[in-house]
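Hi everyone, thanks for coming. Today I'd like to walk you through one structure, slowly and in plain words. Have a look at it on the screen first.

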Amino acid sequence: MNTKPSKGVGQRMPLYDGVEKVTGRAKYTADLFPRDALVGRIYRSPLPHAELIEVDVSAARSLPGVVAVITGADCDIPYGILPIAQNEFPLARDRVRYFGEPVAAVAAVDEETAERALKLIRLHVRELPIIDSIAKARAPDAALLHDKKPGNIEREVHNEFGDTAAGFAAADLVREQTYHAAEVNHAQMEPHAAFAAWEPEREQLTLHTCSMVPYYVHKKVAQCLGIDTAQVRVIKPYVGGAFGARVETLNFEIIVSLLARAARGAVRMQLTREESMLTHRGRPESETRVKLGMTRDGRITACECEVVQRGGAYAGYGIITILYAGALLNGIYDVKNVKYDGYRVYTNTPPCGAMRGHGTVNTRVAFESLMTSMAAELDLDPIEVRRRNRIPGPSVTPNGLRVESYGLPQCLDKVEEASGWRQLRGKLPKWKGIGMACSHFVSGSAKPVHFTGEPHATIVLKLDFDGGISILSGAADVGQGSTTIVAQVVVEVLGVDWRRVRVITNDSAVTPKDNGSYSSRVTFMVGNATLDAAQKLKQVLVEAAARRLQVEPDQVECLGESFHVLGDPSRAVSFSDATAEALVDTGTLHVKGTFTCPIEFQGGKHRGGAVGSTMGFSYAAQVVEVSVDPVTCRVSVDKIWAALDCGFAINPLAVEGQIQGGVFMGMGQGLSEQTRYENGKMSAANFLDYGFPTMAETPPIEVFIVESIDPNGPFGAKEASEGPLAGFPAALADAVRDATGLEFHEWPLTPERIAKAMEAREREQRAAARKTVRQPATAGAA
Amino acid sequence: MKPILRIQVNGRWREEAVADNTLLIDFLREQLQLTGTKQGCDGGECGACTVLVDGRPRLSCCAFAASFEGHHVETIESQWQDGQMSPLQQAFHEKLGAQCGYCTPGMIMAAEALLRTNAEPSEAEIRQALGGNLCRCTGYVKIIESVQAAAPGHRQTTGEPA
Amino acid sequence: MQELDIVKPASVAEAVSLHGGAVGARYLAGGTDLVPNMRRGLQKSRKLVDITGIEELRQIAFENGALRIGAGVTLEALCASDLVRRHAPLLALAASQVAGPTHRAAATLGGNLMQDTRCYFYNQSDFWRTANEYCMKAEGTICRVAPSSSRCWASYCGDVAPAMLVLGAEVDISGPTGNRREPLAALYADDGLQHLKLGPGDLLVSVEVPAQSGWTAGYEKVRVRGTIDFPLAGIAVAIKREGNRIADLRVACTGVNAYPGLVPNLEAWRGKEPDEAFFAALEKAVRKEIQPMESTLTAAGYRKRVALGLARKLVGELFESAGA
Ligand SMILES: Cc1cc2nc3c(=O)[nH]c(=O)nc-3n(C[C@H](O)[C@H](O)[C@H](O)COP(=O)(O)OP(=O)(O)OC[C@H]3O[C@@H](n4cnc5c(N)ncnc54)[C@H](O)[C@@H]3O)c2cc1C
Ligand code: SF4
Ligand code: FES
Ligand code: FES
């Protein structure tokens with residue numbers, strides 16, 4: 001083992017579990033399917049909205065090779081992510097509300113039999129009107145998707161902080177604009193998969209699933225099966241991306257468990273790409289009306305914003321999403337007067353949910369777009385305008401969010417300089433342009449979704465006779481690198497040789513509960529809990545070494561693999577000896593570290609005030625350079641410069657990767673991605689039609705890391721993955737305006753959309769030309 | 001009765017009973033338990049299932065195993081040799097060419113096909129050759145860097161192992 | 001997936017006899033069009049005659065001023081072929097824009113020319129199409145794009161055919177009823193259901209293209225992303241110039257009709273200067289030839305716009321470079 005203390009944080013480190021991934025040895029859920037498990041398949045509603053009169057599964061049930069068939073009658077317990085909004089059944093009962101909603105499920109001996117069984121299922125229904133748009137949902141006489149939800153409104157939010165009327169009165173320029181963003185899907189590369197094994201003798205269930213929040217899945221599966229949570233064990237294998245798609249319990253996870261119990265055995269379930277997209281939980285289509293007041297020198301005096309989200313058929317995360325959309329109007333610029341009105345509506349489309357940048361993206365895109373457009377009107381540089389609105393120092397926003405560290409100005413400096421902004425803005429040749437925008441995101445919701453009184457994060461370090469340190473972590477690594485982070489923190493604190501450390505993750509029977517990989521909480525909260533655990537273990541070892549060395553603990557220096565008497569390196573014990581001493585009388589050590597966000601960070605006192613609350617915001621600025629083809633109207637993104645303040649980069653390599661990935665996802669939303677519906681039927685549920693960008697049109701993304709060293713983050717770290725996304729669509733539209741002179745308020749900026757705008761302009765120009773030709777004649781006649 | 005298929009997989013000749021309607025990907029994953037090859041879409045749209053057939057890249061989800069009687073198939077599992085990661089694996093690991101890792105096996109196999117014919121591809125050539133392989137995590141930047149680092153031409157001039 | 005019987009003949013004759021024109025039999029080449037369609041339940045074939053083992057289908061030769069390319073040549077091989085690059089670079093250019101690189105490594109010229117027509121209501125899963133009560137092209141009776149129409153408007157979206165057409169390609173076909181040679185253009189029909197005039201069991205053996213010499217030619221397609229995507233519209237142009245005049249001109253389109261087609265009546269412009277009147281007439285001629293329908297997620301109006309725009313741009317650019 002190493003003699004010098006090992007370094008953990010601040011290093012460009014390959015992923016801890018990277019070798020498995022590049023060798024193909026990493027086992028994702030579907031890779032673990034035993035060959036003899038039954039095949040589970042879901043029968044989905046072919047109708048977007050209908051009353052279920054009968055679900056006839058008799059023929060399917062009697063097909064040889066079919067072991068179990070279940071319907072809504074087999075589970076009358078609703079589920080949902082928010083304790084106050086559980087209105088979804090794993091299999092529809094009485095009514096279906098979106099195309100693709102699970103209605104029945106079969107377990108059969110093989111794929112073909114399961115497939116044939118599905119074809120034997122018959123529905124008797126009464127069709128209901130299809131409410132597939134915001135306008136239809138809000139129409140005065142609209143059919144209602146849910147009882148007690150008049151107007152199909154899932155949740156309305158109204159709040160005002162400061163005095164917006166006074167703010168607008170103090171402005172030199174007031175502008176208002178409505179922006180429209182299409183619905184997008186996470187499109188993680190791994191299709192959903194789960195595998196459930198019911199042991200009838202023990203009455204226990206083991207579920208393998210691709211979740212970001214195995215603990216919620218655990219609770220909801222037990223709830224819907226009507227069994228004790230103790231009877232359930234949830235294991236999360238490698239996960240092929242998630243981005244929020246798997247941040248709530250999904251219907252198939254409960255269905256496969258119900259099937260396993262019904263079949264009294266093991267059931268494997270692999271969803272198709274289409275089914276994975278139908279399961280959805282993506283970013284809702286939204287209409288965002290923003291009004292800003294600005295002084296002549298670019299200071300924002302007031303902001304008013306109204307957001308309407310097409311939420312889909314069930315509650316999901318909807319309430320949080322619509323709250324987020326308003327809450328993060330704050331926390332990036334120094335705006336004192338902010339009014340927000342939000343409406344989340346129910347529609348006959350698959351339920352939306354959380355997607356990278358949860359709730360905040362489309363609001364940020366709208367805000368940034370209007371801000372830039374007003375700057376142009378005032379003849380101000382958009383980067384300069386952002387500087388003028390910077391948050392002066394640690395402060396509390398009007399809605400009660402705390403800003404401790406703030407690296408946005410440095411981010412602006414970086415991208416301005418690297419891109420050559422001053423030389424290029426407004427000066428590029430025709431059909432080329434450059435644009436910019438900013439964004440931010442929370443480093444973990446300071447108040448967990450489920451309040452239990454438990455710490456917000458827990459990590460256990462196990463040290464035994466062998467001197468090996470097992471980090472037991474419940475944090476779900478879905479590709480973002482959380483497993484690597486916890487290992488880095490432990491090695492940094494203890495200074496031990498890397499070979500001493502193992503990370504064991506996500507087996508509810510072994511690892512501590514973790515709230516899950518949502519709201520970019522893991523590095524901050526789990527990082528802090530790991531820091532706590534490592535420091536405690538170090539203390540135990542130092543004390544043990546002190547006993548062996550017969551000195552006081554404060555006389556002992558830890559050098560990782562050995563412990564010395566301060567000032568006398570010749571008096572030392574090895575790590576193994578210190579461990580042996582520490583184990584005397586106690587045996588195996590389990591040292592626990594925890595972290596809880598203090599109450600003062602948990603947000604404003606108003607209703608919904610906890611949403612958006614965090615201990616630290618990440619900040620991002622980006623510049624985008626584009627070319628527009630005048631014939632095809634296709635936008636090519638030529639180069640991206642993105643800077644992110646992540647507090648401190650525990651692993652700069654991983655931070656770069658996260659920034660690039662986040663920007664890339666913003667690029668997809670800006671350029672080409674959108675779900676489509678044909679009369680309520682999701683119809684671009686494949687990678688060809690959904691169209692997220694390929695390597696061919698993704699440009700180099702140059703990244704800059706800004707380290708503002710947050711006072712509360714582990715080693716100063718904040719989040720690094722969600723923040724950089726939202727800037728892209730706005731920066732893109734800004735760049736396209738620089739290139740074409742056309743302003744866009746709708747995303748994605750497809751060639752078709754740009755062509756329409758160009759045609760409209762050509763028509764206007766022709767009309768204007770005709771007028772000017774005709775006018776002298778008229779004048780002459782008069 | 002399923003016909004017997006004689007096929008070389010990762011250097012080893014096999015004789016397996018395979019139904020004619022078995023897709024190559026299912027043959028590899030289910031029958032041979034070579035689960036490194038991934039399925040990302042419902043057919044032909046993502047590249048996650050890329051393997052090599054006779055040294056050229058092939059979407060294993062768009063081909064029937066029965067078509068490859070007497071042919072040579074290589075999967076991601078073949079890259080690990082003599083107890084070592086291949087240069088591509090090493091580079092994808094060290095340069096963070098893999099985040100969630102799900103696109104990685106297909107990406108590495110497509111890159112392998114490229115490097116066998118082009119020892120020092122330019123960035124444009126890499127973008128061109130891997131254009132059919134989608135990745136949702138990385139924004140592709142570090143994938144391109146990984147392939148560049150693993151290119152034999154590059155390794156020769158820098159003396160880096162990968 | 002349905003039960004299948006796959007046979008792998010070693011010669012054209014054997015392939016034709018194994019197929020025999022039987023109902024439910026179909027040739028399988030690279031599979032990049034056929035297999036995704038089969039997986040969606042769009043092709044019910046029971047017997048596949050895998051033609052990738054036939055050596056004679058993989059030949060490229062240049063004889064008597066013409067390039068002969070076997071139907072089994074992969075698009076990757078076609079792009080890399082020195083003969084193709086020398087004598088008909090347009091074909092390599094068009095082939096290089098088909099799908100993604102991994103598709104092209106398997107996809108064949110024959111499969112590309114024979115690929116199925118596409119439509120938003122057709123290229124969907126069985127689940128989706130069942131829920132949508134199918135359409136005329138598969139299992140249904142009415143056309144979802146144009147419900148009152150008695151035909152199918154699915155579009156042909158191959159990239160290589162238009163390039164072949166402007167070079168005046170001819171095809172050799174071998175079938176249970178014998179062998180024949182005909183112009184490539186004669187192979188296609190304006191019908192989304194039956195866009196190929198092939199008899200049962202007819203096998204495309206090879207394509208012959210006169211050398212491109214004298215022609216300046218180009219191909220451009222529009223798609224949403226930079227690779228993989230089918231053409232929303234594609235235009236191939238071949239032009240000959242004499243001084244300031246057009247000596248000859250051919251334009252072909254793809255993605256905008258049920259068949260890849262040559263724009264008719266351009267001979268009228270032989271010997272004329274490409275002035276604004278010419279370009280206006282060219283646009284008019286293309287407009288008359290194409291009929292994109294709402295069969296893609298991208299609106300038909302856009303596809304029409306870019307087809308016209310590309311034709312104008314390509315003809316202009318190629319005329320210029322032909323002078324250079
Ligand atoms: C995601 C994706 C994107 C694509 N993008 C494009 C694109 O941009 N442009 C484009 O042109 N195509 C595209 N394609 C379609 C396809 O890849 C190409 O058309 C390819 O060239 C088909 O060739 P193949 O050898 O794979 O044909 P196969 O799939 O094997 O066959 C296609 C059809 O042709 C018939 N056939 C094949 N060979 C012969 C023969 N010699 N004689 C008679 N019949 C024959 C088959 O019976 C079958 O009906 C795409 C496909 C996918 C999956
Ligand atoms: S054009 Fe009409 S008939 Fe043809 S595939 Fe489309 S919907 Fe069906
Ligand atoms: S799995 Fe997507 S192309 Fe094969
Ligand atoms: S690394 Fe996750 S899809 Fe590529």
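Some housekeeping before that. This is a predicted model, in which local features need pLDDT of at least 70, side-chain atom pairs count only at pLDDT 80 or more, and totals for chains, interfaces and linings use all residues. Residues are numbered from 1 along each chain as its sequence is written, chains are lettered from A and ligands numbered from 1 in the order in which they are written, and side-chain values use heavy atoms, with hydrogens and water left out.

Let's begin with ligand 1. Which residues come nearest to ligand 1? Of the 36 around it, they are C:Tyr27, C:Thr32, C:Leu34, C:Thr108 and C:Asp159; a residue counts as near if one of its heavy atoms lies within 4 Å. The site is shared between chains, because residues from chains A, B and C surround ligand 1. By type, the shell around ligand 1 has 18 nonpolar, 12 polar and 6 charged residues. Here Ala, Val, Leu, Ile, Met, Phe, Trp, Tyr, Cys and Pro count as nonpolar, Asp, Glu, Lys and Arg as charged, and the others, Gly among them, as polar.

Now zoom in on the oxygen atoms of ligand 1. A polar side-chain atom of C:Thr108 is 2.7 Å from one oxygen atom of ligand 1. A polar backbone atom of C:Asp33 lies 2.9 Å from an oxygen atom of the ligand, and for an N or O atom in the side chain of C:Asn112 the distance is 3.0 Å. Taken alone, ligand 1 exposes 980 Å², and the protein buries 97% of that (accessible areas come from the Shrake-Rupley method with a 1.4 Å probe).

Ligand 2 has neighbours in chain C, including C:Cys119, C:Cys135, C:Cys143 and C:Cys152. Its shell divides into 10 nonpolar, no polar and 2 charged residues.

Finally, the helices, which are DSSP runs of H or I with at least four residues, numbered from the N terminus. In chain A, helix 6 (residues 214-225) and helix 7 (residues 251-263) pack at about 45°, with axes 10 Å apart. Axes are lines fitted to C-alpha atoms over the stretch in contact, and angles run from 0 to 180 degrees between N-to-C directions. Helix 6 and helix 7 of chain A are therefore oblique to each other: under 35 degrees is roughly parallel, over 145 roughly antiparallel, 65 to 115 roughly perpendicular, and the rest oblique. In chain B, helix 2 (residues 87-94) and helix 5 (residues 141-150) come within 8 Å and cross at roughly 140°, so they are oblique too.

Notes
Polar contact = N/O pair within 3.5 Å; in protein donor to acceptor, adjacent residues only side chain to side chain. Helix = DSSP H or I, 4+ residues; strand = E, 2+ residues; numbered from the N terminus.
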